Amino acid sequence: TLFGFVLAIGIVVDDAIIVVEAVQHNIDEEHLSPREASYKAMKDISGPVIAIALVLAAVFIPVGFIPGIVGKLYQQFAITIAISVLISAFVALTLTPALCSIMLKRVHIPSEEKAPNRFFNGFNVWFTRINLNYTHNVGRALHHARYVVIFLVMLLVGTFFLFKNKPTGFLPTEDEGRVFITFELPEASSITRTVEVLQKLMDILKETEGVGHYAAIAGLNVVSFSNKSNSGTIFCQFKPWDERKSKSLQLSGMIATLQKRFATINDARIVVIAPPAIPGLGRTGGFSFILQQRESTDDIHAFEDVAMRFAAEVRNRPEISNAFTFFTAHTPGYEITVDREKCKLMGVPLTEVFSTLQTFLGSRYINDFSIYSRNFRVVAQADTVFRKNIEQLGNYFVRNERGEMLPLSTLISYTVTENAQLISHYNLYRSAEFNGDASPGYSSGQAIDVLEEVAGKVLPAGYGYEFSGLSREEIIAGNTTLVIFFISLMFVFLFLSALYESWTVPFSVLLAVPLGAFGAIIALTINPSLSNNVYAQIGLITLIGLAAKNSILIVEFAKVRVDCGMDITKATLEAVHLRLRPILMTSMAFILGVSPLIFASGAGAVARQTIGWTVFGGMLAATFLGIFIVPVLFALIIRRAYGEHKLEKLKRKFAVKDS
C-alpha cells in the first residue's frame, strides 16, 4: 500500500493540473474572466478527465481479483491507486474549478522587472518556441506517416527481444538488516565442541564492522529446523542502514565478508543465509530445491550418492552461488540386535528388554508430585556416566520370569553403522533439500532453469524434484503477469471503445502502451542488478494507464474537432499544440514524484528501485515518443475508420471555415 501511495502522489495531481492549465489558458489567451474561463474549460476537458480516471481504474480494478500470492501483491496497488484516482477525478471536476474561479487571474510578467520575472518571461517565450517547433515537427510526421509506423514496428520488435533477454525473477532478495548463520561439524560431534565453535563465530562477529547484535543456539539447524549435537545457529542483526552506507556493509557485502572470515574455522561447514523477502515463504532467501526418491528402491546410501552428484553438478554452474545441502547418510551409530531365541530360553520378555533400553538411554516419564506448593515431574534415566559408551549396556539388568536379574549384554549384540540422523519427507517421498542463490548478474528465474536442466541430466530413473518456498511461488506465478497485462489492456480497450463509439480509434491510445514498455525495459537493461520481477511488472501495469492518459489528452481533443467537421490534419495539429503543456506538466509531475524511489536505500530498497526505474523510464518514453507517434496514429486510424465519404459529410454538415 505504501508503494501504491508513492505512485498515487504523481497520479492524483494530474486531473487538477489539466483543469488548472485549461482555465489559465482561457484567461490568458481568450481574456475571459476566471469564472467564464472555468465554465469553458470544464466543457472542453471534463470528458478527458473522466476518461483518464476511468481508464486508470479499468487498469487496476481487474487485477485486484487475481488469486494467489501474486494477486495479493497486485491487490495492494489496485485498491490504493484505483480509489485515489477516482477521488482525484471527483475533486478535479468539483472543487478544482471552483477554486480556479476564485484564485486564478491573468498572468502578466514584465520583462524589465526583477530577475525572477525575467526568468519566467524568458521561460514562457522559450516554451512557446518549443511548442511551435513541436507542432511543426508533428505536421512533418503526419506527411511521412509511413516512416513513423515503420519506426513503431521496429520499436515493438526491439522491446520484445529486450524483454526476452532480460532475466526474470519473482521477489528480489532484500537487505532486511539480518542474516542466519548456521553450521554443521563432522557427524557425531559433541555439543561441547559445537559450543566452542559458536564462541569462535561470535568472537568474529564481535570484531566485524556492521554487526549489531547476535544470539546463538547450540544444537539447532535453522535450515532443516532439526536438533543435532553437531549443529548450531546464530541469529545476527546488522547495525541500522544509516550506519551501513558503503556497498561492503550492505547485505551481499556483509555475507561475503562473513563467509571469508568464517573460512578460518576448520572442520565446520558454515553458511550465511539471508531471510526470505516475505516472511513465511520458506526459511531462507534464494532458491529451495527438493530432491525426491519416488519410484526408486535405492537404500539411503544410494540416495545420498545421487544427492551429492546433483550438488556437485549444480556447484559447477556459473549461474548458481552458494548451493548447499545438509543431508548426509554418514552419521556413525550402533545397530543393536536383540537375540530373541536367547530371551525366550532365559524367560526374559522382549518388552522388558526394550523398556530397559528406553528408560536408561532415552528416559521414561514416571509421574508428577507436589511439595511445598510446587509441582515436580519425575523422569527416570541412567546418569550421564552410565551412558557414555556402548560398553555401559553391560551395567543394565533385566528381570526374567523367575525374578532373576540378568545383564542386558548377554541378550543383545551391536555393530557400528553409518546412517542418516535425519530423514525428511516431502509429499511422502524421501527427500533432500538444496538451498542457494543466483550468482551476481543472474536472476532467480535463471537459477530455477539451471536446476531443472541439471536435474534432467543427473537424476536417474525413479527420482524427481519439487520446488518450495519462494521458488515454488515463482513457478506457480508463471505467466500470470502476462495474463494480467492483457486483461488490463482488454478492459481499457473495451472502455475506450464505448467512450469513442468505435472499435478502431482506441488503438491510437493503446499503441502508446508499448512505448512505455520500451522505456521501462531500457531502464531495467541499463541497471543489470535489477531483474524483471513482480515489482517491475506492477510498474508495467501502471504504465498502461499513464501512457493511455497522455494519448487521451490528444485523441479526445482532436476527435471532437474532427466530429465537428474540421480537417483531420488541422484538428490533430491544434490538439497537439494546445495539449503539449498539460501533457508535459502531468508527466513531469509523475516522473519527479517517483524519482525518490530510484535513489531508495535501506529496507526494501531493491523493490523500490525496481518499480521506480520501471515507471521512470517507461513514462519518459511514453511522453517524449508518444507526443509524436500518437498524433500520427490517430490521423491514420481516424481516416481509415471514418472514410473519406463520412469526413466530407461532416464538413458539409458543420460548414467549418478554415481560419
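Predicted model: local features only at pLDDT ≥ 70, side-chain atom pairs only at ≥ 80, totals over all residues.
Residues are numbered from 1 along each chain as its sequence is written, and side-chain values use heavy atoms, with hydrogens and water left out.

Both faces of β5 are covered, with Phe287, Phe289, Leu291 and Gln293 buried on one side and Ser288, Ile290 and Gln292 buried on the other. β5 pairs in the antiparallel sense with β14 (residues 429–438) over seven bridges and, also in the antiparallel sense, with β15 (residues 463–467) over five bridges; two strands pair if DSSP finds at least two bridges between them. Gln292 stands opposite Ser431 in β14 and opposite Gly464 in β15.

**Nonpolar cores**

A nonpolar core is a set of buried Ala, Val, Leu, Ile, Met, Phe, Trp, Tyr and Cys residues joined through side-chain atoms within 4.5 Å. The largest has 109 residues, and Leu7, Phe60 and Leu496 have the most contacts inside it; helix α16 (residues 534–563) gives the most to this core, with 17 residues. A second, separate core of 27 residues includes Phe289, Phe303, Ala329 and Val454.

**Helix α6**

In helix α6 (residues 191–206), which has 16 residues, the buried positions are Thr194, Val197, Leu198, Leu201, Met202, Ile204 and Leu205. These residues cover an arc of only 155° around the axis, taken from the directions from the helix axis to the C-beta atoms, which puts them on the same side of α6. On the other side of α6, Thr192 and Lys206 are exposed.

**Aromatic pairs**

Rings of Phe, Tyr and Trp (its six-membered ring) pair if their centres lie within 6.5 Å, and planes under 30 degrees apart count as stacked, over 60 as edge-to-face and the rest as tilted. By this rule the count comes to 20 aromatic pairs. Phe123 and Phe127 are stacked because their ring centres are 6.3 Å apart and their planes lie at 20°; both residues lie in helix α4 (residues 115–143), four residues apart, about one turn of the helix. Phe289, Phe310, Phe434, Tyr465 and Phe467 form one aromatic cluster.

Note on methods
Buried < 20%, exposed > 50% of the residue type's maximum accessible area, 1.4 Å probe, protein only. Helix = DSSP H or I, 4+ residues; strand = E, 2+ residues; numbered from the N terminus. Expected span 1.5 Å × (residues − 1).
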